[in-house]
Every structure is written in structure tokens, then in C-alpha cells.
Amino acid sequence: MKIHVLPLVLLVAVGAGCLYAQAPNVATEYRRPTPGNGPNGAPQVTFLAHRLGTDHAEGITTLDMNNDGFDDLLSGAYWYENPGARGGEWKQHQYRTVDVHGEFVSDCGEWTIDVNHDGSPDVVTTGWITNGLWWYENPKTPGVMWKKHFITDSYDTEGGVMADINGDGKPDIALAHYNHSGILWVDFSGPQPRVHHVGGKEQDGHGIGVADVDGDGKPDILTPYGWFRNIDADKDQWEWHGEWQLGDTGFPILGYDVNKDGKIDIIYGQGHSYGLYWLEQTGTPAHREWKRHTIDESFSQSHALKLADIDGDGEPELITGKRYRGHSGNDPGSYDPIVLYYYKIDRKTATFKRTAISVNGTASAGTQIIAEDLDHDGDIDIATAGKLGVHFMENLKVNLVPKATREVQQPIERKWPFPGEGQEVQQQDGPPAN
């Protein structure tokens, strides 16, 4: 092959069915064996989507169901067995039953908590279709269906957030309601779950978050209409600040210092329409003001959001995407392509750079996003659930899965050629050398 040195920083030649990248400063061909940066040298993480099942549940959590050291994925009635560091099939098992209605599973949130303090994690769940916050008791015996226990009434619940609200070092859950029935949070630190109510109906709505807005060291509760300052959560002492109107937000509403000015800003998506935004906290502690900035308005139903460091640089990225058929095809943009994105946040310029995780595939954002090193290879993976099934988005920054396993998982049609399509021939490699 003859190479012509041209005044370009990159040349590409084809040989033996492979692409050869040209080194930027010398006319020497080489093959890059691992993924590199994106355009203009920008760091970029590549994810490989694995569709694990086609159930309609939209909540998802993790728990090591078989005690093999690897967290499994739980969504709806099923758990998906983690194949481990070398990859392979995520086997589906049923461990509970769920309520269904039309195309919905009543499952908009799942959280792993040891509710009865017996040393074995249980699963807490809630949903929009049926009333209640429930917990499913871990039987500690493989193959036994988990028993369902009622915690409290919770109607029209399309999501929640798990956080340490009262500062006792243990997880709590806060829930919001589409019917504006009133915010509640549940303390799981005692012998029985303790239910707390916050504010009135007018402060409740579609979306909730937990973040220290005023920087006093106590987690505050964020709603679509403002925030509750945490005075003493255990004693139900809260101070209301109705400082914004956000609409039907996604879950959770996030608190994060976007512009690195020492003040907590707010990141939120529109759960049932177009738009992803952040609110810049300005003003003074006595008179806060909030300035809205657009992140992305190209897709709808950003119903689940997550901050996680998926590229390993010590700063979190924003993960979100489109929920599929949140209102059975009746939301704006319901028939647009399904997308899952992450956004690199430049805190010097307070800007968000978008990178695709999955576009026009089957992986949606659902109502929750998992970000965890599921295969123990040293990078953060992503998992979501939706009406097109559970998906494991494998982070390929570190790739330890052998080629033989990858080959088995390829979707190429193996029963081919089809009858009458053609005949097998020998490859013709070109004219003989002179």
C-alpha cells in the first residue's frame, strides 16, 4: 500500500477489511486497539446496550440475590442474575408478583433497604396505578416468593428519592404525588417504618428531591413549587420557600453546584413534556433568586435523572433520557426516538456537553437510573427499566469480556442464508500477483 503524505492531521486507508488511523505527526499507519476520545479530542465514554428482558416495569434497584458478590438487577416481578466480570447472559428469575393495569406495572420506584433489620436487604416499592408504599420481605431462602407488607397510603405516586433526610446515617425515602395529596417521607431506622408528612397539598406535585439548598448541613426537600428548609426533620419542623414553579418534573429534582460558586443549583427535567433545565441560585440567603438555563429541549419525558462519575475524573455527569410511553402515548413527543444521554458538566463555563448512550434503540430512562460498577471492572455502568424492558448499559472504558462471549451475544442472524436466497460461494481475493 502506498501512502501519500498530505497536509492533513489525519489520513485513513483501508486494508484487509480494517480501518487504519494515521498518526497525527508522522506518515505511519497504526491500529488503535481501544476506544479513544471523541471529536476534537474530547473525552467520551462508550456504552454497550444489553437488553435483559421485555417486562413493562419502570422501577429498578440492585441487590445481590445469590450472594456471589455481584449485585443483581431487580425490576418489577423479576431479578436478573449478574453473570460477573467475564460477561454473559443475565438470567431472569421471578421473586414476587406485581399489580398490572393495561400496559403499566404499578412500579415507579424500587429501593433496597433492610426494613426489618434482620441483616438481609428487603425491597421497598411504590407505583402510580395502585395505592401504597410497600416492602417485600427477603425470605433468605432461594426460590421462595417474597411476602408483601403495607407501609402507608400513597396514591398517584410516580416516583420518589432515597436519601438520609434526618441525618442519622441511614436511608429514608421521600415521596411526591401527582394528585397533590401531600409529601411524605419514611424513616426506616426503627423497628417499624415511621411515616412523616411535610407541608400541605399545594406544595406537593410531580417531582421531588433532597439537597442542602441553604448550605447549613441539613438536607432540604425540593418540590416543583419550592423547597422545605429542614429545621428538625424528626420533629416535623420545616420552613417553606415557594421560590419557583417547575411543572411536572422528573425524579429526582437534583441539587448540584453547576457553576462552582459555592451555592447549590437545581437540575430538573420535564417528566411529561420537552425540556431539561438548571436553575442558578443567585441573590442572598435572605432573598434568593433563581435564574433558569436551558440544557436540552430536543427530547421529551425526562422522567428520571442521575448524577454519577461515569468517566472517572472525580466530577459527576448528568444521566437522563426519554421515558417511553409515560402516559400511554399521550405526552408531547411520545413517538419521537427513544434516547438515553449523559452530559459532561463544565463547571468553569456552567455548560453541558451531551453524549449519546443509546439513540433510537430500546433503552429508555424509565423512572429510575442505576449507576454502579456492576461487572467489577473498575468503571461505572448504567441500568434502566421501562416498557421496552430492562437494559444493562456496559461501560467499555474497561473491557474484560472475552471475544468468545462477545461473539455469542451478537444479534447477527445465525440461521442464514434463507431458503432460496442464494448459494454459498468461494471468496474471490483479487487478481493474482504479477
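**Strand pairing and salt bridges in a predicted model**

Strands β16 and β17 (residues 183-187) pair in the antiparallel sense over four bridges; strands are DSSP runs of E with at least two residues, numbered from the N terminus, and two of them pair if DSSP finds at least two bridges between them. The structure is a predicted model, in which local features need pLDDT of at least 70 and side-chain atom pairs count only at pLDDT 80 or more, while totals for chains, interfaces and linings use all residues. Residues are numbered from 1 along each chain as its sequence is written, and side-chain values use heavy atoms, with hydrogens and water left out.

Buried means a relative accessible area under 20%, exposed means over 50%, and partly exposed lies in between, computed with a 1.4 Å probe on protein chains only.

Side chains of opposite charge can pair when their charged atoms come close. A salt bridge is defined as a side-chain nitrogen of Lys or Arg within 4 Å of a carboxyl oxygen of Asp or Glu. By this rule the model contains 18 salt bridges. One of them joins R323 to E58, with the closest N and O atoms 2.7 Å apart. R323 lies in the loop between β28 (317-321) and β29 (339-346), and E58 in the loop between β4 (47-51) and β5 (61-63), so this pair ties together parts that are 265 residues apart in sequence. Both R323 and E58 are buried.

A salt bridge also forms between E103 and K387, whose closest N and O atoms are 3.0 Å apart. This pair links distant parts of the chain, 284 residues apart: E103 is in the loop between β9 (100-101) and β10 (104-105), and K387 in the loop between β32 (381-384) and β33 (391-395). K387 is buried, with a relative accessible area of 5%. In the salt bridge of D118 with K140, the closest N and O atoms are 3.3 Å apart. D118 is partly exposed, at a relative accessible area of 29%, and K140 is exposed, at 51%.

E317 belongs to strand β28 and is buried, with a relative accessible area of 1%. The side chain of E317 reaches the backbone nitrogen of I310 at 2.9 Å, and a polar atom of this side chain lies 3.5 Å from the backbone nitrogen of D311. When residues up to four places away in sequence are not counted, E317 touches K306, L307, A308, D309, I310, D311, Y342, Y343 and K344, where contact means heavy atoms within 4.5 Å.

The confidence of the predictor in each residue is given by pLDDT, on a scale from 0 to 100. The protein averages a pLDDT of 93, and 94% of the residues score at least 70. Over residues 1-20, however, pLDDT stays under 50, and the model has 28 contacts beyond four places in sequence for these residues. Where pLDDT is low, the predicted coordinates should not be read in detail.

Methods
A polar contact is a pair of N or O atoms within 3.5 Å; within protein, one must be able to donate a hydrogen and the other to accept it, and residues adjacent in sequence count only if both atoms are side-chain atoms.
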